Amino acid sequence: MYVLALVTQKGGSGKSTLSVGLAVAAMQRGERVALVEADAQGTISKWKERRGGVYPRVDRVADIAEVEPMISHLRAEGVWLAIIDTAATNNALATRAIASADLCLIPARPSPADIEAAVPTLVAIRRFNRRFAFILNQTPTRGCRLSEAATSLNSLGVLALPFIGQRNDHQDALGAGLGVTEFAPEGKASEEVVALWGWISERLIVESNDHGQAALKTAC
Ligand SMILES: Nc1ncnc2c1ncn2[C@@H]1O[C@H](COP(=O)(O)OP(=O)(O)O)[C@@H](O)[C@H]1O
Ligand SMILES: [Mg+2]
């Protein structure tokens, strides 16, 4: 099982929206997916209530002691991908999610405040030697803000592709209890999320295997 953690202490950057969008996109590719809500705000649980139905499963963790048992439980249940949505603080629960993740995803809007807010998260990620990528989210369709933000994030680490545009479909999908790829499958927002899931899954699978091979070689 692979574990993704959506982390950054900046509220409103898109952690919950992207967690849901990516979970549904992966599910539509036939993967067994679980969303793990590590945020008392309950955005994912409320989305799930609106959604009804069984999939993707949503599990909540309220304490750091619950994170590892939850991951073990999901792995034992045959889940292929667990996506942990965290709160907009640098709290212990978010730190534990980082420590448990194969890949940490840091959404940031193209604003200095979001980019600055990513720095403490990055420190925690480096402390645990986790892999990570930034996701530039809620980007305007044009303007130089975008390239400035992309340059700043690129200087801090890997930037996932494509950028995710500011589009109403994301908000409407959340409100309807759907993933954006279900809400407007032919839309641009859907296209971007599918492509982003492709980018992430490639890194997750290929690089995790590389890590495994490297560990194997070291062990040998
Ligand atoms: N790409 C996007 N386009 C339009 N709205 C977005 C996008 N990403 C997030 N939003 C909206 O921004 C708000 C904050 O997003 P949210 O996912 O709740 O952030 P976080 O979980 O990081 O606090 C929500 O209303 C959400 O629907
Ligand atoms: Mg949230």
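These are my entries, in the order I looked things up.

I am working with a predicted model, where local features need pLDDT of at least 70 and side-chain atom pairs count only at pLDDT 80 or more, while totals for chains, interfaces and linings use all residues. Residues are numbered from 1 along each chain as its sequence is written, chains are lettered from A and ligands numbered from 1 in the order written, and side-chain values use heavy atoms, with hydrogens and water left out.

**Ligand site.** I started with where ligand 1 sits, and it is in the largest pocket. For my own record, a pocket is an open set of points on a 1 Å grid over the protein atoms alone, where a 1.4 Å probe fits, with protein on both sides within 12 Å along at least five of seven lines. Sitting in it takes more than half of the molecule's atoms within 2 Å of its grid points.

**Polar contacts** (N or O pairs within 3.5 Å). A backbone N or O of glycine 14 is 3.0 Å from a ligand 1 oxygen, and a polar backbone atom of serine 16 is also 3.0 Å from an oxygen of ligand 1. Glycine 165 puts a backbone N or O 2.9 Å from a ligand nitrogen. The protein covers 83% of the 560 Å² of accessible area that ligand 1 has on its own (Shrake-Rupley, 1.4 Å probe).

**Aromatics.** My search of the whole structure gave three aromatic pairs (ring centres within 6.5 Å; planes under 30 degrees apart are stacked, over 60 edge-to-face, the rest tilted). One of them is tyrosine 2 with tryptophan 80, edge-to-face at 5.3 Å and 75°. Tyrosine 2 is in strand 1 and tryptophan 80 in the loop between helix 3 and strand 4, so this pair ties together parts 78 residues apart in sequence.

**Backbone.** I noted a cis peptide bond from tyrosine 55 to proline 56, omega near -10°, and another joining leucine 161 and proline 162, omega about 0°. Asparagine 129 has a positive phi, near 55°, in the loop between helix 5 and strand 6.

Notes
Polar contact = N/O pair within 3.5 Å; in protein donor to acceptor, adjacent residues only side chain to side chain. 1 Å grid on protein atoms, 1.4 Å probe; cavity = no way out; pocket = protein on both sides within 12 Å on 5 of 7 lines; lining within 4 Å. Phe/Tyr/Trp six-rings, centres within 6.5 Å; stacked < 30°, edge-to-face > 60°. Helix = DSSP H or I, 4+ residues; strand = E, 2+ residues; numbered from the N terminus.
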